Amino acid sequence: NSWLASNDLPVIERAKNGFFIIQAEVLSYLKVDYQTESAGQTYIFSENERAELILLMILNKREELSLIHFTSALQVSKNTVLNDLKFAQTILQPHNLAVSYSRQKGYELTGSEIQKRRFLLDLVQRILQKEHGETAIETITEMNKQQKADIQQWLEQVEQQLSLTFTDEKMKQLPYILAITLGRIDQFERIDAAFCIHYEELSDTKEYQAVELLL
């Protein structure tokens with residue numbers, strides 16, 4: 001109902017018999033044929049889901065992002081996206097991050113890169129737990145099945161080299177996390193030197209050798 005109201009559409013009401021009443025205007029807007037079962041094929045993201053997807057788009061961006069990018073990807077109005085951006089700010093507060101906008105750089109996250117990477121881990125996990133979450137992430141990251149399979153194969157090599165086993169959940173999350181992280185590195189989004197461990201402290205570890213497989 002919040003989404004409907006933000007798009008100037010009549011809200012869904014509940015009748016005394018327990019059925020939900022959806023006005024024809026809403027069905028027409030969504031292009032849903034209510035005389036068939038095709039309504040089940042239409043999924044509308046909630047405010048929280050849209051806010052999370054917007055944040056993922058920002059973390060994964062390869063170009064300056066504007067409102068048009070968000071409205072196109074989420075198929076909602078500019079007013080809805082503006083409200084979603086406000087909601088996104090509340091999601092970011094515990095992570096010491098914020099959304100900012102400038103004409104030169106478009107929408108981006110402000111805060112330390114290490115915090116952005118940590119937030120990315122949490123964000124991907126949360127989105128994948130949602131209905132249609134994986135499809136949404138695949139669309140945003142533009143990851144095809146072959147790319148995903150390649151990364152999963154690398155991860156299997158890491159498992160063998162380190163004699164460990166990733167959980168199914170982690171094996172599902174890591175391809176997207178790694179793809180977005182490597183993309184950020186390509187965009188020169190680097191972790192501040194104060195958070196880095198020196199090369200000498202890592203180079204002789206088996207973890208370092210295993211990570212080489214991913215890079």
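Q: What should I know before we start?
A: Residues are numbered from 1 along each chain as its sequence is written, and side-chain values use heavy atoms, leaving out hydrogens and water. The model is predicted: local features need pLDDT of at least 70, side-chain atom pairs count only at pLDDT 80 or more, and totals for chains, interfaces and linings use all residues.

Q: OK, strands. How do strand 3 and strand 4 run?
A: Strand 3 (residues 98-102) and strand 4 (residues 106-110) run antiparallel, joined by five bridges. Strands are DSSP runs of E, at least two residues, and helices are runs of H or I, at least four, numbered from the N terminus. Two strands pair if DSSP finds at least two bridges between them.

Q: And what do they form?
A: A hairpin, with three residues between strand 3 and strand 4.

Q: Which residue stands opposite Glu108?
A: Ser100 does.

Q: New topic. Where is Arg184?
A: Arg184 is in helix 9 (residues 168-186).

Q: Buried or exposed?
A: Arg184 is buried, because its relative accessible area is 8%. Buried means under 20%, exposed over 50%, and partly exposed in between (1.4 Å probe, protein chains only).

Q: What does Arg184 touch?
A: Not counting residues up to four places away in sequence, Arg184 touches Ile58, Leu59, Glu113, Lys116, Arg117 and Glu189. Contact means heavy atoms within 4.5 Å.

Q: What about Asn144, where is that?
A: Asn144 is in the loop between helix 7 (133-141) and helix 8 (145-162). Asn144 counts as partly exposed, because its relative accessibility is 41%.
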